[in-house]
Amino acid sequence: VNTSLNFSIPAVAAMMRRLTASRKLGRRMLGPPTQIAPRSSRAALQRLSCSGRSFSVLGAHSLKLGKEMYNPEWKPEGFEGGVDTNKLPWIALPQMPGCSMKPLRVSNETGAFTVLIKMTKGTTQPTLVHLGASDTYILSGKLSYTKGPMKGSIGPGVWAYTPAGAKMEGTTAEEDTEYLATFYGPVAFMDADGKSVRELLTGFDVKAAASRSGISLLPNTLAEAIGERPLGYQGPGAPLAMTQERNEAVMSKAAGIAQITELSNAHFVDTNAIPWIVNPDAPDIGLKIMRISTETGVVSAMVRQNGQAPPHYHLGPADFFITSGRMGYRAGPPEGYGPGTYMWEPAGARHESTQRITDEDLIYTANIYGPIQFDSGVGTPILDVLSWMTYLAGAKAFKSPLIASTFPGDQGTLLAKSMQ
């Protein structure tokens with residue numbers, strides 16, 4: 001990795017301009033952003049106006065948006081979109097007694113899978129080894145890591161990353177706990193001796209469990225997304241605890257939490273304690289960046305989107321989980337997608353008019369697995385491409401600490417705190 005890359009405040013401003021909608025849309029915005037660039041940085045940001053390359057207003061924002069403008073294969077009754085996880089049941093997870101899951105997606109190509117997991121109070125997970133890495137985002141309750149580099153308790157709003165090869169012992173639910181998890185490889189459950197494998201949990205196990213329960217998993221590719229929507233789950237759903245009681249922590253609005261510039265544990269972070277990265281000239285979009293992999297280019301972030309996203313292609317896939325507000329989205333319901341909705345964007349997906357449709361902050365988690373290409377409409381020149389390097393520039397400029405990607409002594413994310 002070239003650690004001498006010249007990341008600057010102007011580069012961050014350009015990033016944020018590309019991510020925001022034009023103020024000329026006339027949409028009513030909420031109050032001032034949580035964090036504005038320091039006074040000394042504002043002058044640097046303003047110099048962008050002299051660069052001859054302004055992203056404050058894109059021509060496509062003033063166009064009448066409709067399906068005829070993009071993605072001609074799109075069908076409103078297609079399978080693209082998201083799944084409201086409140087309408088899904090909790091189903092048994094036999095490899096983990098005391099735990100249940102809501103299956104959301106399984107990759108046919110890599111075997112990676114995303115699920116919601118519920119642990120009843122007092123449940124301790126069996127000793128296990130992550131054969132691939134795993135993301136965890138706590139939605140409600142409290143989870144305790146009792147051993148190893150991740151030792152500590154994490155609650156709502158905390159994002160954790162467990163690297164491949166990590167052996168986890170004694171992970172316990174201090175309260176009834178629900179969390180979003182993506183596993184990038186199988187999980188091996190160990191025998192009592194801690195040396196031999198008792199059984200595995202793979203993406204194909206998750207797929208089989210979903211099929212038995214009549215749950216349709218989200219499509220992985222554009223070809224699948226424009227196909228006919230399957231019937232899907234028809235039984236009673238089980239609402240998430242976070243949607244039953246308003247939880248400010250998962251909305252990055254928890255009170256009384258001071259902002260940090262260093263992590264107390266290199267492998268998880270309370271998203272309430274890191275800054276919103278906001279360009280003062282484009283306050284409609286804010287980012288909190290939790291992890292950046294310089295090996296794979298994957299970025300994990302929280303997004304606050306109170307304006308219309310400029311036209312863009314996802315050159316790699318991405319996933320989102322809404323924690324606040326409602327998102328207007330093609331192939332989605334007229335009332336938009338709300339808290340508890342999980343979405344998967346296949347590589348190559350294009351969007352012209354994704355936006356919030358209520359006055360409440362639209363906030364969601366995001367795993368961004370590849371660059372995003374911006375333009376002003378189909379067939380127009382590329383205006384710019386956002387990659388992990390741009391997001392790293394934002395984290396550096398706002399002194400936002402990043403989670404480590406390996407155990408221990410990780411240097412892979414440049415800003416990660418090494419473990420002793």
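Strand S26 (residues 372–374) and strand S27 run antiparallel and are joined by 3 bridges. One of the residues involved is Phe374, whose bridge partner in S27 is Asp384. Keep in mind that this is a predicted model.

**The sheet around these strands**

- S26 and S27 belong to an open sheet of 4 strands, in the order S23-S19-S26-S27.
- The pairing in this sheet is antiparallel.
- At the edges you will find strand S23 (350–351) and strand S27 (384–386).
- Each of these edge strands has a single partner strand, so one side of each has no neighbour in the sheet.

**Cavities in the structure**

- How many cavities of 30 Å³ or more does a search of the whole structure find? There are 5 of them.
- The second largest cavity holds about 160 Å³ of space.

**What lines the second largest cavity**

- The lining of the second largest cavity is made of 18 residues.
- Lying nearest the centre of this cavity are Gln125, His130, Thr136, Tyr179 and Phe183.
- Several strands each supply at least two lining residues: S5 (128–130), S6 (134–140), S7 (143–145), S12 (177–183) and S13 (187–190).
- Strand S12 gives the most to this lining, with 3 residues.
- Sorted by class, the lining has 12 nonpolar and 6 polar residues, and no charged residues.

Conventions. Residues numbered from 1 in each chain as written. Predicted model: local features only at pLDDT ≥ 70, side-chain atom pairs only at ≥ 80, totals over all residues. Heavy atoms only, no water. 1 Å grid on protein atoms, 1.4 Å probe; cavity = no way out; pocket = protein on both sides within 12 Å on 5 of 7 lines; lining within 4 Å. Points joined across faces, edges and corners; volume = space filled by probe spheres on them. Nonpolar A, V, L, I, M, F, W, Y, C, P; charged D, E, K, R; others polar. Pairing = 2+ DSSP bridges.
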